[in-house]
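Come along and check each entry against the picture.

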Amino acid sequence: METPEQNITDNPQLTETANPPLPKTATDPQVRPEPAAEQVPVPADHVFDVDNVSCYYSAFKAVTDVSLTIYENQITAFIGPSGCGKTTVLRTLNRMNDLVAGARVEGDIRYRGASLYGKSVSPIAVRRRIGMVFQKPNPFPKSIYDNVAYGPRINGEHNKKKLDEIVERSLRQAALWDEVKDRLGKSGLGLSGGQAQRLCIARTLAVEPDVVLMDEPCSALDPIATGAIEDLMREIKSRYTIVIVTHNMQQATRVSDRTAFYSVLRNEKSDTRTGVLVEYAPTRELFEDPHDPRTKAYVTGQMG
């Protein structure tokens with residue numbers, strides 16, 4: 001787990017504070033953006049504005065020319081064949097690719113109007129506001145309670161009563177409280193796959209993020225556990241903005257409000273594959289009346 005660092009973003013969405021939760025709006029009287037803030041006006045429901053973004057790993061161009069808007073309190077699904085860059089784009093939204101040697105992003109990604117890759121932006125603050133749930137459940141080798149309380153403690157919360165409240169609230173939001181409330185002192189490693197994934201979601205929610213990114217969160221789960229995670233996503237989207245990568249097109253139709261379909265551009269000469277955003281639309285429209293023949297071929301099973 002990374003530790004807090006001092007430099008901050010000019011955007012109040014990402015400004016690090018000593019103890020209180022980070023404010024969500026620039027109108028908060030506690031917020032005093034620095035004069036150099038890289039802020040532009042955006043509609044209130046725009047969470048991310050991605051403009052002509054390309055992603056590289058050293059000299060290799062993994063994804064090219066992605067432009068889309070992620071809207072508040074909606075579930076956005078990224079679908080497409082393996083190697084099309086879905087996860088790479090997802091990881092740009094909370095700067096997880098910064099941790100990969102040689103990775104870089106070209107273009108502009110704005111989070112609530114502020115440049116996510118601005119020079120003054122703290123990646124640590126970004127990841128506090130924009131949490132991630134990974135493909136494989138990864139509970140810490142700690143108790144269920146300490147798994148959920150870990151983030152708040154790192155952020156400076158040590159009051160036992162407040163931690164108790166955070167742990168219960170987060171486990172309730174993750175639809176796990178009733179199953180574990182009598183064994184909070186037991187190891188999180190002893191949970192079933194579905195329970196462990198919901199524990200990881202509770203751990204993410206405990207630091208009160210604005211956005212939750214999910215990278216194939218159900219790929220290792222059985223249908224019953226998958227259904228529980230999908231129910232959870234629908235329940236919490238009124239409080240969070242969710243972006244999910246999934247290989248399961250039926251899952252995208254069940255849970256998402258909007259869907260982005262990515263495909264692959266193949267360079268036969270160099271034998272390389274570059275991901276490209278083909279179509280982005282409300283989910284029902286994309287699946288029932290796609291505008292691009294590549295989208296139609298994919299969603300109807302004519303291509304994989």
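Entry: Strands here are DSSP runs of E with at least two residues, helices are runs of H or I with at least four, and both are numbered from the N terminus. Strand E3 (residues 75-79) and E8 run parallel, joined by four bridges. Two strands count as paired if DSSP finds at least two bridges between them. In general, strands of a sheet pair through backbone hydrogen bonds, either parallel or antiparallel.

**Entry: ground rules.** I noted that this is a predicted model, in which local features need pLDDT of at least 70 and side-chain atom pairs count only at pLDDT 80 or more, while totals for chains, interfaces and linings use all residues. Residues are numbered from 1 along each chain as its sequence is written, and side-chain values use heavy atoms, with hydrogens and water left out.

**Entry: the other neighbours.** I checked Ile244 again and saw that this residue is also the bridge partner of Met214. E8 pairs with strand E7 (211-215) in the parallel sense, over five bridges.

**Entry: is E8 buried or exposed?** I asked this of its residues. Five of the five are buried, so E8 is largely enclosed by the rest of the structure. Buried means under 20% relative accessible area, exposed over 50%, and partly exposed in between, with a 1.4 Å probe and protein chains only. Thr241, Val243 and Val245 are on one side of E8, with Ile242 and Ile244 on the other, so I wrote down that both faces are covered.

**Entry: the whole sheet.** I traced an open sheet of ten strands with mixed pairing, in the order E5-E4-E1-E2-E10-E9-E3-E8-E7-E6. Its edge strands are E5 (114-115) and E6 (130-133), each pairing on one side only.

**Entry: helices on the sheet.** Helix H6 (residues 193-205) lies across E6 and E7, at about 170 degrees to E6. Helix H7 (residues 223-236) lies across E3, E7 and E8, at about 150 degrees to E8. These angles run from 0 to 180 degrees between N-to-C directions, with axes fitted to C-alpha atoms, for helices over the stretch in contact.

**Entry: Cys218.** I found Cys218 in the loop between E7 and H7. Cys218 is buried, with a relative accessible area of 8%. Beyond its neighbours within four places in sequence, Cys218 is in contact (heavy atoms within 4.5 Å) with Thr226, Ile229 and Gln251. Its C-alpha atom is 8.2 Å from that of Thr246, 28 residues apart along the chain.

**Entry: helix H4.** Which residues of H4 are buried? I listed Leu163, Ile166, Val167, Ser170, Leu171 and Gln173. They cover an arc of only 160 degrees around the axis, which puts them on the same side of H4; the arc is that of the directions from the helix axis to the C-beta atoms. They pack against helix H3 (144-154), helix H5 (177-180), H6 and H7.

**Entry: totals.** I counted up ten helices and ten strands. Of the 304 residues, 52% count as buried.
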